[in-house]
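Subject: Structure handover and notes

Dear colleague,

Please find the structure below, followed by notes on what was found in it. I would be glad if you could read the two side by side.

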Amino acid sequence: MDTNQSLPTTSVTIPEGESVITLGAGCFWCTEAVFQRLEGVKNVVSGYSGGFVENPSYRAVCSATTGHAEVIQVFYDPKVISLERLLEVFWSTHDPTTLNRQGADVGPQYRSAIFFHTEEQGEIAKKLKKELNEKQVFSQPIVTEITAFSNFYPADNQHQNYYNENGYQPYCQFVIKPKVDKLEKYFSELLAKD
């Protein structure tokens with residue numbers, strides 16, 4: 001990749017009264033399942049962000065040659081849930097200390113990443129990351145990439161709402177369910193009321 005090459009850009013339509021943040025925390029099936037359960041989160045879309053190839057396929061992203069991270073775009077009502085709380089959940093429900101890996105998933109597409117949409121979001125994310133590292137909340141330093149949003153390409157429909165529609169599958173039971181259980185245990189006050 002030519003490091004002087006500018007990344008392709010896409011725009012995001014944000015409904016009135018909502019904000020958006022783009023988060024990468026390994027497999028987007030896991031991250032989507034966690035954030036869908038939060039009060040104030042209006043919509044979660046799985047996809048790919050931060051790469052240099054336009055409109056990549058899942059297969060291409062999995063080949064680790066496009067520069068993208070598997071991410072979710074989280075549309076939320078900032079009057080109901082703050083960015084700080086969303087990032088607290090983000091850092092608590094994956095391992096932000098491993099570079100380009102989450103558990104058995106290895107490659108740059110599984111990197112821990114925050115793609116901010118406003119300068120204020122970027123400042124908040126960097127401040128929280130610094131505080132968590134200074135307090136040594138994790139046994140190793142946080143390696144989460146924090147960069148300005150450039151592009152997002154939604155994944156195919158089969159990757160959307162994955163855990164809710166495929167919760168019986170072994171991957172969902174062994175990898176995703178423990179993350180949802182952790183959310184329910186430690187962040188019960190943030191869960192959406194049915």
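Throughout these notes, buried means under 20% relative accessible area, exposed means over 50%, and partly exposed lies in between, with a 1.4 Å probe and protein chains only. Helices (H or I, at least four residues) and strands (E, at least two) are DSSP runs, numbered from the N terminus.

This is a predicted model, in which local features need pLDDT of at least 70 and side-chain atom pairs count only at pLDDT 80 or more, while totals for chains, interfaces and linings use all residues. Residues are numbered from 1 along each chain as its sequence is written, and side-chain values use heavy atoms, with hydrogens and water left out.

Helix H1

In H1, which covers residues 28-35, the buried residues are Phe28, Trp29, Cys30, Thr31, Glu32, Ala33, Val34 and Phe35, and the helix is thus mostly covered, with eight of its eight residues buried. Two packed helices are described by the angle between their axes and the distance between the axes. For H1 and helix H6 (residues 170-186), the angle is about 35 degrees and the axes are 9 Å apart; axes here are lines fitted to C-alpha atoms, for helices over the stretch in contact, and angles run from 0 to 180 degrees between N-to-C directions. On the H1 side Trp29, Cys30, Ala33 and Val34 take part, and they meet Tyr171, Val175, Ile176, Lys179, Val180 and Leu183 in H6, where contact means heavy atoms within 4.5 Å.

The sheet

Six strands form an open sheet with mixed pairing, in the order S7-S6-S1-S3-S2-S8, and two strands are taken to pair if DSSP finds at least two bridges between them. The edge strands, each pairing on one side only, are S7 (145-148) and S8 (152-154), and the twist averages 35 degrees from one strand to the next. Helix H3 (residues 83-92) packs on this sheet and touches S1, S2, S3 and S6, its direction making about 15 degrees with that of S1. Helix H4 (residues 119-134) also packs on the sheet, touching S1, S3, S6 and S7, and its direction makes about 150 degrees with that of S6.

Strand S3 (residues 69-76) is largely enclosed by the rest of the structure, because eight of its eight residues are buried. Ala69, Val71, Gln73 and Phe75 point one way from S3, whereas Glu70, Ile72, Val74 and Tyr76 point the other way. S3 pairs in the antiparallel sense with S1 (residues 19-25) over five bridges, and also in the antiparallel sense with S2 (residues 41-49) over eight bridges. Within these pairings, Leu23 has Ile72 as its bridge partner, Ser19 has Tyr76, and Asn43 stands opposite Phe75.

The cores and Gln109

A nonpolar core is a set of buried Ala, Val, Leu, Ile, Met, Phe, Trp, Tyr and Cys residues joined through side-chain atoms within 4.5 Å. The largest one has 43 residues, and those with the most contacts inside it are Ile21, Leu23, Phe35, Leu38, Leu87 and Ile114. A second, separate core of nine residues includes Val71, Phe75, Phe149 and Phe152.

Gln109 lies in the loop between S5 (105-106) and S6 (112-116) and is buried, with a relative accessible area of 3%. Leaving aside residues up to four places away in sequence, Gln109 touches Val61, Cys62, Ala64, His68, Ala69 and Glu70.

With best wishes
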